[in-house]
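Dear colleague,

Please find the structure below for your review. My findings follow it.

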Amino acid sequence: MKKAIIFDLDGVLLSTDELHYAAWKSVADELGVPFDRQVNNRLRGISRMASLDIILENGGLSLSREEKEAVATRKNDRYRTLLMTLTPADVAPEVRKTLAVLKGRGLKLAIGSSSRNTKLILAQTDLSNCFDAVSDGTNITRSKPDPEVFLKAAAFLGLSPSDCAVVEDAVAGIDAANAGGFLSIGIGDAANYEKTDRRISSLSEILLMECF
Ligand code: BG6
Ligand code: MG
C-alpha cells in the first residue's frame with residue numbers, strides 16, 4: 001500500500017494548462033512565431049525558460065538572453081493576470097471529493113509542480129489546506145524530467161519514493177516520477193505515454209486503485 005500521493009498541479013488538479021497556453025499564444029503571436037496546442041503539449045511540466053526555448057526553436061527565432069528574460073517576464077505577467085481570475089469554483093467537485101476521500105483514508109497528499117506560481121494558484125482556489133507538503137518551482141534547481149521536485153515532496157513528507165505515487169499529465173513528469181522511483185499515474189496527455197505505470201481518464205479513478 002502507498003502512504004502518499006504527489007499531485008502535479010497544472011493540468012491535473014486545475015485547467016491552468018489552458019491559461020499557460022493563452023499567455024504563451026499571445027506572446028508568440030507578437031513575436032511572429034507559430035504556436036499551437038501540439039507545441040503547447042511539449043511544454044507540460046517544463047520550466048518557463050525551457051518552454052520559451054522550445055517555442056523559439058520551433059519558430060526558428062533566436063533571441064539574446066536579455067530579450068528572452070523580457071519575453072518570459074511578459075508571458076508570466078499575462079499568466080498571473082489570468083490566474084487572478086481563478087476562484088474556488090475552478091476546482092472540479094470531483095477533484096475536491098477525491099482529495100477529501102484520500103485524506104480520509106489516511107494518505108498524505110502533496111503537490112509536485114514546476115510552477116513558481118503554485119502558491120498563488122493554491123491560494124486563489126482555496127486548495128492550500130488540502131496538502132501536507134508543497135514542492136514547487138521555488139524549491140528546485142532542475143525541472144522535470146529531473147525527479148528533484150518529487151524527491152523534495154517525498155522528503156517534505158518524511159517518506160521514501162517507494163511509499164509514494166505521482167499523478168501527472170506531462171510526459172516529462174512521468175519520466176521524472178519513474179526516474180525518482182515513484183509509481184507513475186498518467187492522466188490526459190500522459191495517459192497515452194508508454195512509460196506510464198498506470199493510466200486514468202479522470203481523477204476519481206484513483207479511488208478504485210488497490211494500492212490506496
Ligand atoms: C508547469 C507547467 O506546471 O509549470 C509548465 O506544466 C510551466 O507548462 C511550468 O512552464 C512553470 O510554470 P510557471 O508558472 O513557473 O511559469
Ligand atoms: Mg501538468
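How far does a polar side-chain atom of N117 lie from an oxygen atom of ligand 1? The distance is 2.7 Å. Two further side chains place an N or O atom by an oxygen atom of ligand 1: that of R48 at 2.8 Å and that of S51 at 3.4 Å. The protein covers 96% of the 390 Å² of accessible area that ligand 1 has on its own (Shrake-Rupley method, 1.4 Å probe).

This is a predicted model, in which local features need pLDDT of at least 70 and side-chain atom pairs pLDDT 80 or more, while totals for chains, interfaces and linings use all residues. Residues are numbered from 1 along each chain as its sequence is written, chains are lettered from A and ligands numbered from 1 in the order written, and side-chain values use heavy atoms, without hydrogens or water.

Ligand 1 has 15 residues around it, of which D10, I46, S115, R116 and N117 come nearest (a heavy atom within 4 Å).

The magnesium ion (ligand 2) is coordinated by D8 (OD), D10 (O) and D169 (OD), at 2.0 to 2.1 Å; donors are N, O and S atoms within 2.8 Å of the metal (3.2 Å for Na, K and Ca), and water is not among the atoms, so sites may look incomplete. D8 lies in the loop between strand 1 (4-7) and helix 1 (16-31), and D169 in the loop between strand 4 (164-168) and helix 8 (171-180), so the pair ties together parts 161 residues apart in sequence. Helices (H or I, at least four residues) and strands (E, at least two) are DSSP runs, numbered from the N terminus. D8 is buried at 4% relative accessibility, and D169 is buried at 3% (buried: under 20% relative accessible area, 1.4 Å probe, protein chains only).

Yours sincerely

How values were computed:
Buried < 20%, exposed > 50% of the residue type's maximum accessible area, 1.4 Å probe, protein only. Polar contact = N/O pair within 3.5 Å; in protein donor to acceptor, adjacent residues only side chain to side chain.
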